[in-house]
Amino acid sequence: MGSNDDKKSYKSPVYVHNPHLDKLKDDVLYHFNLGTATHDLPAIFGNVKFVCVGGSPWRMKSFIEYIAAELGLEDPKSEYPNICAGTDRYAMYKVGPVLSVSHGMGIPSISIMLHELIKLLHHAHCTDVTIFRIGTSGGIGLEPGTVVVTKQSVDATFLPKFEQVILGQTVVRSTDLDQGLTEELLQCSKELNQFETVIANTMCTMDFYEGQARLDGAFCSYSEKDKQDYLAKAYEAGVRNIEMESSVFAAMCKLSGLQAAVVCVTLLDRLKGDQLISSHEVLRSYQQRPQILVGDFIKKQLSAAGRT
């Protein structure tokens, strides 16, 4: 075992596990419109310590504007250019050591983004990076507006795993998240004292409608009782919210050595309905809660490190 000083001086890199990358003269990050031959990735991204990803480009631009104002890094009224402006797949914004990236909806979309994001951080020689998924979700037995920090991401059978078929074979990967980071976020929320925050399991599904036991899709082959029984089983398994990205996010971050957390606000209680009926203003205020919590965490971390 090394000394505490050794631990403090150790810098955790971002890992890729692909020997074929070493043979590439230029690694083209196609969906970002970036590449190792066309961009100086270490110069642009080398100081990144915090990455926030979320579904919509608008939300991620809103986050970078919010965090810039919170950290006092730039004029909050200034424009933040989309680094991925050459493509319409994803949007990316940066201020100081904070990177904000959209990932679209669902496992396939966030998976593609994460492959290229992890390679970007690796090529840029980033170290000690913490990454958050901030977003929205459907709650189970929680008041709308409650923020859930994910303990474990589970699949639709309530098991903590992510399955992917590779070369015709099913590969199972762990969906463990950093429990220390999870607890730190809960403590931040207690100190903020602005909204209810809980630590609980998050169910990640492949679909918004049937996969989440909704009754309002184009197709539905089950009853209200079937739905309620299924959600009750989810609740018994410790699930308090449902979304569509956390499992692959957790799996890929664990493989790459990234300290990761999932922070999602619940927009409704699925035990009481399927459709969003709250006003636009209320929903927008709910959507700001994950960014407020993560923003507070980042501010405290940078302040402790003497970076603000």
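The model is a predicted one, in which local features need pLDDT of at least 70 and side-chain atom pairs count only at pLDDT 80 or more, whereas totals for chains, interfaces and linings use all residues. Residues are numbered from 1 along each chain as its sequence is written, and side-chain values use heavy atoms, with hydrogens and water left out.

**Two loop positions**

Pro-19 is placed in the loop between α1 (4-9) and β1 (28-29), where helices (H or I, at least four residues) and strands (E, at least two) are DSSP runs numbered from the N terminus. With a relative accessible area of 58%, Pro-19 is exposed; here buried means under 20% relative accessible area, exposed over 50%, and partly exposed in between, for a 1.4 Å probe and protein chains only. From C-alpha to C-alpha, Pro-19 is 23 Å from Ala-250 in space, and the two are 231 residues apart in sequence.

Thr-87 lies in the loop between α3 (57-71) and β4 (92-95), and it counts as buried because its relative accessibility is 18%. Leaving aside residues up to four places away in sequence, Thr-87 touches His-31, Phe-32 and Asn-33, a contact being heavy atoms within 4.5 Å. A polar atom of the Thr-87 side chain also lies 3.2 Å from the backbone nitrogen of Arg-89.

**Salt bridges**

The structure holds eleven salt bridges, each defined as a side-chain nitrogen of Lys or Arg within 4 Å of a carboxyl oxygen of Asp or Glu.

| Lys-161 | Glu-163 | 2.9 Å |

In the pair of Lys-161 and Glu-163, by contrast, Lys-161 is partly exposed at a relative accessible area of 23%, and Glu-163 counts as partly exposed at 42% relative accessibility.

Lys-300 and Asp-296 both belong to helix α8 (residues 280-304), where they are four residues apart, about one turn of the helix. Lys-300 counts as partly exposed, since its relative accessibility is 33%, while Asp-296 counts as buried at 14%. Elsewhere, Arg-133, Glu-243 and Glu-245 are linked in a network of salt bridges.

**Enclosed space**

Rolling a probe the size of a water molecule over the atoms shows where empty space is left. On a 1 Å grid over the protein atoms alone, a cavity is a set of points where a 1.4 Å probe fits but cannot get out, and lining residues have an atom within 4 Å of a point. A search of the whole structure finds one cavity of 30 Å³ or more, and the largest cavity has a volume of about 40 Å³, a volume being the space filled by probe spheres set on the points, which are joined across faces, edges and corners.

Which residues line the largest cavity? The lining is made up of Trp-58, Arg-59, Ser-62, Gln-287, Gln-288 and Gln-291, and α3 and α8 each supply at least two residues of it. By class, the lining has one nonpolar, four polar and one charged residues, where Ala, Val, Leu, Ile, Met, Phe, Trp, Tyr, Cys and Pro count as nonpolar, Asp, Glu, Lys and Arg as charged, and the others, Gly among them, as polar.

Definitions and conventions. Polar contact = N/O pair within 3.5 Å; in protein donor to acceptor, adjacent residues only side chain to side chain. 1 Å grid on protein atoms, 1.4 Å probe; cavity = no way out; pocket = protein on both sides within 12 Å on 5 of 7 lines; lining within 4 Å.
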